[in-house]
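Please look over the structure below before reading on. The report then goes through selected parts of it.

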Number of protein chains: 2
Amino acid sequence: MALGKDYATQQCSIARALEVVGERWTLLVVRDALYGVRRYNDFLVHLGAPRAVLANRLQTLTAEGILEKRRYQESPPRDEYVVTERGTALWPVLLALGAWGREHYGEDRLRVFRHAACDTELAPTGLCPACGVTVPAEDVLMVPGPGLDPDPADPVSRALLKPKRLLQPIDTDRV
Amino acid sequence: MALGKDYATQQCSIARALEVVGERWTLLVVRDALYGVRRYNDFLVHLGAPRAVLANRLQTLTAEGILEKRRYQESPPRDEYVVTERGTALWPVLLALGAWGREHYGEDRLRVFRHAACDTELAPTGLCPACGVTVPAEDVLMVPGPGLDPDPADPVSRALLKPKRLLQPIDTDRV
DNA sequence: CGAATTGATTCAGTGAACGAACCGACCGTG
DNA sequence: CACGGTCGGTTCGTTCACTGAATCAATTCG
């Protein structure tokens with residue numbers, strides 16, 4: 001990646017972070033991983049990225065310890081990519097980025113994030129206004145917003161219509 | 001930009017945000033703008049980006065309303081790029097990203113961000129632990145950390161060694 | 001007048017992204 | 001046991017963006 005070469009001289013942890021997750025598609029892969037996507041093919045259809053790029057990103061993210069490749073069945077050997085703690089730590093970044101995007105460019109809200117314990121909607125900082133705590137990703141409930149297409153084409157988007165906890169694997173087994 | 005084409009189908013405000021600020025160098029330009037960098041040449045020496053890319057990013061960011069091009073002197077005509085409210089709204093994203101980068105990759109802390117009102121260090125969420133408020137960017141005091149090179153080559157890095165408020169223009173007039 | 005400063009644009013070379021095709025391992029069905 | 005389908009990729013030619021060096025125009029300073 002050409003990124004690292006120049007950013008390395010930056011003396012800045014933002015630049016350091018962007019070396020790792022600043023490439024095209026990378027943060028969207030992490031987003032999907034947090035949403036519960038785990039399989040190569042599910043990433044592929046949901047992201048629409050070229051296969052070679054996806055394979056490269058999954059490999060890089062695994063090497064960086066953001067995802068973990070895990071064998072979930074032998075014969076045929078199948079691996080899934082599960083987000084690690086380091087990857088989960090990117091959740092506040094994605095939340096803030098999404099809040100900014102919606103605030104300044106989006107009309108309707110597409111997804112709403114709630115504190116699973118009290119069902120209160122999170123602030124863009126990740127704080128639960130009711131409980132006063134910063135909600136960890138595993139306690140976040142993702143609910144579809146009014147702006148979301150109710151009948152998407154791909155099965156992954158369809159699985160993501162159901163309210164679900166972050167990090168919980170998606171469930172694509174249905175009509 | 002090739003970014004927009006694919007991300008547009010994503011039904012996601014994170015993807016929408018990345019369409020705008022997801023390109024290489026873009027977030028670093030915004031970071032510098034928040035740090036008080038305003039002039040083409042200052043961005044250039046501090047970032048080390050190719051001139052054509054910098055010119056392109058400044059133009060795009062201006063078109064997106066994240067920076068504002070402002071004439072600061074006639075004869076010779078000189079413009080500076082000042083961060084807008086929309087650009088300032090990216091501060092929490094950069095803070096979270098920097099916190100993640102330092103946490104997972106940095107050894108020393110390079111910059112410390114404090115609440116100007118009470119001098120307390122900010123949480124990665126932007127919250128002031130003492131006051132309990134989310135500190136707006138203009139009330140953030142940036143202080144060099146122990147890991148920062150005390151004698152950098154370029155004048156912009158040298159100007160950024162002094163404690164300063166975010167958004168306040170940098171001062172490069174010195175030895 | 002000549003040199004320096006500022007804010008760019010142009011251009012050739014390189015590397016990355018794109019999209020389509022292909023591949024190998026395995027499964028289930030007939 | 002052939003046949004088609006799925007899964008997780010790799011390969012390849014084209015296009016596009018980034019890179020770095022050179023150039024340029026306007027103006028001020030010496």
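The sections below cover a strand pair, aromatic rings, charges over rings and the surroundings of a DNA strand.

## Basis

The model is predicted.

## Strands 3 and 4 of chain A

Strand 3 of chain A spans residues 111-115 and is mostly covered, with four of its five residues buried. Strand 3 of chain A runs antiparallel to strand 4 of chain A, residues 140-144, and five bridges join the two. Within this pairing, A:His115 stands opposite A:Val140 of strand 4.

## Aromatic pairs

Over all chains there are four aromatic pairs. One of them is formed by B:Trp91 and B:Phe113: the ring centres are 5.0 Å apart and the planes meet at 70°, which is over the 60 degrees required, so the pair is edge-to-face. Because B:Trp91 belongs to helix 7 (residues 91-104) of chain B and B:Phe113 to strand 3 (residues 111-115) of chain B, the pair ties together parts that are 22 residues apart in sequence.

Are these two residues buried or exposed? B:Trp91 has a relative accessible area of 5% and is therefore buried. B:Phe113 has a relative accessibility of 13%, so B:Phe113 counts as buried too. The cut-off for buried is under 20%.

## Charges over rings

## Around DNA strand D

DNA strand D is surrounded by 22 residues, and the closest are A:Tyr81, B:Arg24, B:Trp25, B:Arg57 and B:Ser75. Of the atoms of DNA strand D that come within 4 Å of the protein, 73% belong to sugar and phosphate. By class, the surface near DNA strand D has twelve nonpolar, eight charged and two polar residues.

Which parts of DNA strand D do individual residues approach? A base oxygen of DNA strand D lies 2.9 Å from a polar side-chain atom of A:Arg51. For A:Tyr81, a side-chain N or O atom is 2.9 Å from a phosphate oxygen of DNA strand D. A polar backbone atom of B:Pro76 is 3.3 Å from a sugar or linking oxygen of DNA strand D. The elements that give two or more residues to this surface are, in chain A, helix 4 (40-47), helix 5 (51-63), strand 1 (67-73) and strand 2 (78-83), and, in chain B, helix 5 (51-63).

Methods. Residues are numbered from 1 along each chain as its sequence is written. Chains are lettered from A and ligands numbered from 1 in the order in which they are written. This is a predicted model: local features need pLDDT of at least 70, side-chain atom pairs count only at pLDDT 80 or more; totals for chains, interfaces and linings use all residues. Side-chain values use heavy atoms; hydrogens and water are left out. Buried means under 20% relative accessible area, exposed over 50%, partly exposed in between (1.4 Å probe, protein chains only). Two strands pair if DSSP finds at least two bridges between them. Rings of Phe, Tyr and Trp (its six-membered ring) pair if their centres lie within 6.5 Å; planes under 30 degrees apart count as stacked, over 60 as edge-to-face and the rest as tilted. A residue is near a molecule or strand if one of its heavy atoms lies within 4 Å of it. A polar contact is a pair of N or O atoms within 3.5 Å; within protein, one must be able to donate a hydrogen and the other to accept it, and residues adjacent in sequence count only if both atoms are side-chain atoms. Ala, Val, Leu, Ile, Met, Phe, Trp, Tyr, Cys and Pro count as nonpolar, Asp, Glu, Lys and Arg as charged, and the others, Gly among them, as polar.
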